[in-house]
Amino acid sequence: MDKMVVQGGQELNGIVSVSGAKNSALKLLFASLLAEGHHHFSNVPKLMDVDSAANLLHSLGCETHREGDSFDVIVQRPKTTEAHYDLVRKMRASILCLGPLLAKYGEAVVSLPGGCAIGTRPIDLHLEGMKALGAEITLEDGYVKARAKKLVATNFLFELVTVGGTENIMMAATLAEGTTVLENAAKEPEIVDLANYLNKMGAKVKGAGTSVITIEGVNELKPASHAVMSDRIEAGTLLIAGAISGGEVTVTNIHPEWIESLIFKLKEAGFKVSTTDNSVTVHKAKSWQAVDINTAPYPLFPTDLQAQFMALMSLAEGTSVIGETVFENRFMHVQELCRMGADITPKSRVAVVRGRPGCLSGAPVMATDLRASASLVLAGLAARGETTVGRIYHLDRGYEKLEAKLGALGAKIKRVQ
Ligand code: UD1
């Protein structure tokens, strides 16, 4: 199993370009199931999760071709509309094929994704939304079985903000009869990206990016081409990498408004941050102040940057309180950061980080989930000595060539077997 070895203490300096967003690419690939024919995507990141999505599409009878960052999907009427457990368990986002299959073919059988390292993560709201659209849903032998001759528009209020739930119902409603209104919808930029693609396919989606999305159902969608938006979480991770190393890093190919909450917190901590239309620079700082964060749905601080920001706060002057309101059990990096010398006390969904500049020293540590792995790599950049991060397959699920990007900025980082 591969490990990442980081020699700490190198200042990161330079310019780095962000890849396509994993959390958008996966949904776009599943959305292609809504229209038979040839779909073309560009700016698709090379990631394990994208491979998992491609495997699932193959199992549903699609052909896929990748060349560089281009990805073609040829959708054909599937022999089966079943997404098998072996494919779904590798990637929770696979549940996002439910809406498209149900809307297009009137039935779908998708394995329940099951528990996950960062909490139980139910899909009850996905299923409630499908039911509201007229689907008959049963749970049998670990599978969701959904059936509907024709979905019928509905007004649906999400009890809590769910990104995947909003996307699944939005996709399903594109082919429903009548106009669906989704309230308390998630507002993430990835939802806007998905809506833009659906509209290119002939859907009539309005309001994506706000909490009310209206979808006027159409009879048929057609294949389309689309460039995947860039990855705001990768951008944030690279900026925190620059900050924690005491260097100056410019991240390009990113709209600053997508990471405004991070920029705000970096500034509050004392970093100078400058922006252009498509880049963000974090400037050199020798020390920084502790600030509190609470994760919450977009546009507030993303849960996917909480672990990385905690690594930064472990080296701040003062005490920060980090609240995780989106997922339970998303503090698994705490123990490993403490093994590197951080002083963090987690209690339920709050972690108290008593920052101490220079407190981190290299250690062998173990990645537990995607963003936790990133936080350990960042901590390693700032630690004295060598950090070895094990189980980096988590990292490969969501970061394209992270070691190459950090290496080009001056990090001493390598992958070993
Ligand atoms: C997506 C992102 C993930 C990010 C998360 C929150 C992808 C592939 N993943 O995950 O990186 O961390 O948004 O920004 O895009 N919930 C329910 N019932 C449901 C659905 C969700 O209770 O039916 C709960 C979840 O357990 C969680 C919260 O709602 O506590 C938010 O989850 P959700 O927004 O759905 O996250 P994902 O779409 O799974």
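## Helix and sheet

Helix α4 (residues 98-105) lies across β7 and β9, at about 160 degrees to β7. Contact means heavy atoms within 4.5 Å; axes are lines fitted to C-alpha atoms, for helices over the stretch in contact, with angles from 0 to 180 degrees between N-to-C directions. Helices (H or I, at least four residues) and strands (E, at least two) are DSSP runs numbered from the N terminus.

This is a predicted model: local features need pLDDT of at least 70, side-chain atom pairs count only at pLDDT 80 or more, and totals for chains, interfaces and linings use all residues. Residues are numbered from 1 along each chain as its sequence is written, and side-chain values use heavy atoms, without hydrogens and water.

The open sheet has four strands in the order β6-β7-β9-β8, with mixed pairing; two strands pair if DSSP finds at least two bridges between them. β6 (82-83) and β8 (136-140) are the edge strands, each pairing on one side only. Strands β7 (residues 107-111) and β9 (residues 143-147) run antiparallel and are joined by five bridges. Glu-107 has Arg-147 in β9 as its bridge partner.

## Ligand site

The ligand is surrounded by 20 residues (a heavy atom within 4 Å). Among the closest are Asp-124 and Thr-162.

A polar side-chain atom of Asp-304 is 2.6 Å from a ligand oxygen atom. Taken alone, the ligand exposes 740 Å², of which the protein buries 86% (Shrake-Rupley method, 1.4 Å probe). α5 gives the most to the shell around the ligand, with three residues.

Terms used. Polar contact = N/O pair within 3.5 Å; in protein donor to acceptor, adjacent residues only side chain to side chain.
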